Amino acid sequence: MSLTLSFNAPRSPLPAHSVLSLAIQYLELTKPRVVALLVFTAVIGMFLAAPGVPDWRPLVFGTLGIWLASSSAAAFNQLIDQRIDKLMARTSQRPLPTGALNAKQVLTFALAIGAISMAVLFLLVNPLTALLTFAGLIGYAVIYTAFLKRATPQNIVIGGLAGAIPPLLGWAAVTDMQGRTDWAYALLLVLIIFAWTPPHFWSLAIFRREDYRRACIPMLPVAYDVQYTRWHVLFYTVLLMLVSVLPYLVGMSGLFYLGGALVLDFAYMYYALRLMNPPDELFAMRAFGYSIVYLMALFAFLLIDHWLLPAAAPAAYTLQRVM
């Protein structure tokens, strides 16, 4: 299957837009709800990396740079996927399929905010964060979107690393990875999101499988079948349960986090088991919705355990960094 980008003008003349309505179209390019979740995990990574409140400079400029880079990756994703977006009900109302914006506008926007993000991170945070963020942008916009998505049913597993990297970016912004445990703890957060991504996305893919079939995208329920995909959701949910307790087992967090994680885990296991024989077709979307709540709550528990309830965490955690 060839990958082509069309830089032609929209098929119909662009109607007169106010500045606000045009801004909304550009905002839609950035997938704001998806990016908000990514940035949320990055900010949690920043707070976990510091014994108290992080210094304002990496907190503000790190968040800005990561947000812009994630938005740039989302815009590149829509640019590359404009052909298949037209064929899928879920994405047919995006700015490119509707003709609200053309490919040249999207490319210019994606390059501009991507360049600004790199400048902010390199000059105002640290070069390591800029380098890691750039790697994540390329991983999602190029390796996943342009290649893996169309090449293998395991696309979301392999490409999920790019979407799992934000906590590492946040941690690097605050510490420059100079501490003894920085890499280990930050990568543990990445591992949690990496294990979370397949069951999260495959629940959506089950519900939207006909969309992916029309677009010739080999998502798991298209390349195999729905029941096969349900088994994979269950297997990865078990893996996620095991990974989610690692912060407690390695001394990164305390009993408050462990209790919260176990409650979230058992609720997720309910959805995974019920998905094996769902009550209706919409149950896959309910499982998808819970997965978002799960990740937000899990990272919130990490922050509460670390910051608001320091007594619940092992005392050794306060001695984690050797500067």
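1. Surface and model. The accessible surface of the protein chain comes to about 14500 Å², and 71% of it belongs to carbon and sulfur atoms; such areas come from the Shrake-Rupley method with a 1.4 Å probe, and for residues only the protein chains shown count as cover. The model is a predicted one, in which local features need pLDDT of at least 70, side-chain atom pairs count only at pLDDT 80 or more, and totals for chains, interfaces and linings use all residues. Residues are numbered from 1 along each chain as its sequence is written, and side-chain values use heavy atoms, with hydrogens and water left out.

2. Overall make-up. The protein chain has 16 helices and zero strands; helices (H or I, at least four residues) and strands (E, at least two) are DSSP runs, numbered from the N terminus. Of the 323 residues in the chain, 53% are buried. Here, buried means under 20% relative accessible area, exposed over 50%, and partly exposed in between, with a 1.4 Å probe and protein chains only. Among contacts (heavy atoms within 4.5 Å) with a separation of 6 or more, 77% join residues 24 or more positions apart.

3. Nonpolar cores. A nonpolar core is a set of buried Ala, Val, Leu, Ile, Met, Phe, Trp, Tyr and Cys residues joined through side-chain atoms within 4.5 Å. In the largest one there are 62 residues, and those with the most contacts inside it are Trp171, Trp196, Tyr294 and Phe299. Helix α10 (residues 182–207) gives the most to this core, namely nine residues. Another core, of 28 residues, lies apart from it and includes Ile156, Ala205, Leu275 and Phe288. In soluble globular proteins, nonpolar side chains tend to be buried together.

4. Tyrosine 294 and serine 244. Which residues does tyrosine 294 contact, leaving aside its neighbours within four places in sequence? They are Trp196, Leu240, Ser244, Leu264, Asp265 and Tyr268. Serine 244 belongs to helix α13 (residues 226–244) and is buried, with a relative accessible area of 0%. Its side chain makes a polar contact with the side chain of aspartate 265, at 2.5 Å. A polar contact is a pair of N or O atoms within 3.5 Å; within protein, one must be able to donate a hydrogen and the other to accept it, and residues adjacent in sequence count only if both atoms are side-chain atoms. Not counting residues up to four places away in sequence, serine 244 touches Tyr257, Ala261, Asp265, Tyr294 and Leu298.

5. Helix α6. This helix (residues 103–124) has 22 residues and reaches 31 Å from its first C-alpha to its last, close to the 32 Å expected at 1.5 Å a residue; the expected span is 1.5 Å times one less than the number of residues. Its buried residues are Ala103, Val106, Phe109, Ala110, Ile113, Gly114, Ser117, Met118, Val120 and Leu121. Because they cover an arc of only 160° around the axis, they are on the same side of α6; the arc is that of the directions from the helix axis to the C-beta atoms. The face turned away from the buried side carries the exposed residues Lys104 and Leu123.

6. Surroundings of α6. What do the buried residues of α6 pack against? Their partners are α1 (19–29), α3 (56–80), α4 (82–87), α5 (95–98) and α7 (127–151). At the N-terminal end, asparagine 102 caps α6, with a side-chain oxygen 3.1 Å from the backbone nitrogen of lysine 104. Valine 125 is in the loop between α6 and α7 and, at 19% relative accessibility, counts as buried. Valine 125 and proline 58 are 67 residues apart in sequence and 5.4 Å apart in space, C-alpha to C-alpha.

7. Alanine 164. This residue lies in helix α8 (residues 155–164). Is alanine 164 buried or exposed? Alanine 164 is buried, with a relative accessible area of 0%. Alanine 164 and isoleucine 193 are 29 residues apart in sequence, yet 5.0 Å apart in space, C-alpha to C-alpha. Apart from residues up to four places away in sequence, alanine 164 touches Val190, Ile193 and Phe194.

8. Two loop residues with positive phi. Lysine 31, in the loop between α1 and α2, has a phi near 50°, a positive value in a residue other than glycine. Lysine 31 counts as buried, at 14% relative accessibility. Cysteine 216, in the loop between α11 (209–214) and α12 (220–223), has a phi near 60°, again positive in a residue other than glycine. Cysteine 216 counts as partly exposed, at 48% relative accessibility.
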